[in-house]
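Hi everyone, thanks for letting me take a few minutes. Have a look at the chain on the screen, and I'll walk you through some parts of it.

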Amino acid sequence: MQKESLLDPGSTIGIIGGGQLGRMLAIAARQMDYKTIVLDPDAGCPAGQVADGQIVDDYASRGAARDLARVVDVVTYEFENVDADSVSAAAELKPVHPSTTVLRTAQHRLHEKNALLKAGIPVAPFRPVESHEDLRDAASDLGYPMVLKTSTMGYDGKGQIIITRAEDTENAYELLGHNNAELIVEQFVPFTMEISAICARTAAGETATFPVSENIHRNHILDTSIVPARIPDDIADSARQLAADIAGHLNVVGLIAVEMFVTKENEILVNELAPRPHNSGHYTMDGCDTSQFEQLVRVLAGMPITEPRLHAPTVMVNLLGEVWEDTGGYPDWARALEMPGVSLHLYGKAEPRTGRKMGHINVVADTIEDALYIATEARNRAWRRSPDL
Ligand code: AMP
């Protein structure tokens with residue numbers, strides 16, 4: 001790997017993956033006159049539309065990752081299911097952040113949970129599952145309900161099943177364990193809230209953590225983020241500290257998004273890590289003085305990071321493909337933008353599909369209630385729905 005150095009504006013950041021996270025990263029980079037080149041197989045991908053260049057190739061191709069590394073100064077990736085071997089290939093030529101070690105850990109739920117356990121981070125009790133027998137044995141330790149998950153390639157609730165009784169273990173194992181998929185089973189956490197905290201960490205080990213977001217999911221997909229999360233300040237501080245601790249333990253250079261459960265006893269359990277910008281951090285684009293994307297650009301460039309400050313309560317609502325499907329492809333943006341303080345972010349995706357993340361709305365307001373009302377109403381207007389539907 002090459003020597004780390006301070007990259008001045010005008011330098012080029014390589015991004016593996018061309019989705020919305022890469023797009024918003026490229027926009028933040030351009031604001032500071034950093035250039036970006038994206039590697040993605042889709043020539044019209046969201047990030048490619050705004051980057052300075054694109055290599056149209058498979059992100060599992062080592063040759064393409066090397067081609068990218070050759071023409072940039074530093075490399076990052078915008079989703080964690082990218083092929084780790086091709087990221088390693090890029091790392092032979094240029095610095096890659098976060099490292100492939102961090103990527104490999106975050107790509108594999110069991111490795112991730114083991115790493116967290118080793119670091120003394122609280123997680124729900126879990127067991128590795130290699131056979132139906134393992135699953136039954138785990139049930140006697142963990143009790144029901146349990147959540148069976150594939151160790152790799154799961155996202156947005158895909159690749160997981162809640163098991164509520166002994167009779168269902170065999171079926172659940174059959175459903176997820178075919179093709180010898182590696183599995184993990186966790187105790188079901190009867191959480192009262194899901195939250196996340198995103199920490200940026202520099203190569204020198206400085207950290208800066210964003211305010212905690214309260215996340216509401218619908219059909220396993222993030223629907224709404226509310227910031228600050230409606231939890232006591234000391235719990236929010238602990239959540240941010242956990243994120244910074246994890247960043248330190250894993251030696252993350254870049255961003256790490258930490259998804260957590262809060263229980264009714266106000267205990268925090270870490271559920272999942274993502275070593276990249278995160279949907280629950282999109283609120284930072286309008287709600288904070290430094291966005292998650294700007295913070296990542298700064299880390300990649302070796303520039304200083306500072307503790308991000310929240311301007312005022314902020315709510316983000318996701319715009320999924322349904323908003324386009326239900327309006328014949330023409331959501332009513334004009335009516336949505338009549339609402340005060342609405343900031344509309346669209347990702348330039350040509351094909352709306354149910355559940356596909358197409359954009360989001362951020363609203364910064366005097367109170368959480370106002371921000372929630374305006375954001376939800378704006379989305380409903382675009383969707384031409386009355387609020388009570
Ligand atoms: P994940 O793919 O691990 O992020 O899980 C997706 C969603 O499933 C989470 O946001 C939770 O709502 C739910 N979930 C995952 N693991 C558990 C668990 N151990 N207990 C309760 N709910 C869970």
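This is a predicted model: local features need pLDDT of at least 70, side-chain atom pairs count only at pLDDT 80 or more; totals for chains, interfaces and linings use all residues.

Residues are numbered from 1 along each chain as its sequence is written, and side-chain values use heavy atoms, with hydrogens and water left out.

Okay, helix α6, residues 132-142. Helices here are DSSP runs of H or I with at least four residues, strands are runs of E with at least two, and both are numbered from the N terminus. Which residues of α6 are buried? They're H132, L135, A138, A139 and L142. Buried means under 20% relative accessible area, exposed is over 50%, and partly exposed is in between, using a 1.4 Å probe and protein chains only. Looking down the axis of α6, those buried residues fall within an arc of 115°, so they line one face of the helix. That arc is taken from the directions from the helix axis to the C-beta atoms. Remember, an α-helix has 3.6 residues a turn, so residues three or four places apart point the same way. On the face turned away from the buried side, α6 carries exposed E133, S140 and D141. And just after α6, G143 takes a positive phi of about 75°.

Next, the cores. A nonpolar core is a set of buried Ala, Val, Leu, Ile, Met, Phe, Trp, Tyr and Cys residues joined through side-chain atoms within 4.5 Å. The largest has 36 residues, and I13, Y34 and V297 touch the most other members. Domain 1 (12-96) and domain 3 (193-383) both give residues to this core, so it lies between them; the domain bounds come from an automatic or database assignment. Apart from it lies another core, of 30 residues, including L110 and I235.

Now V315, in strand β15, residues 314-320. V315 is buried, at 1% relative accessible area. Leaving aside neighbours within four places in sequence, V315 is in contact (heavy atoms within 4.5 Å) with residues including T224, I226, I361 and L372.

Last, how many disulfides are there? A search of the whole structure finds 0, where a disulfide is a pair of cysteine sulfur atoms within 2.5 Å. For C199, the nearest cysteine sulfur, that of C288, is 14 Å away. C199 is buried too, at 0% relative accessibility.
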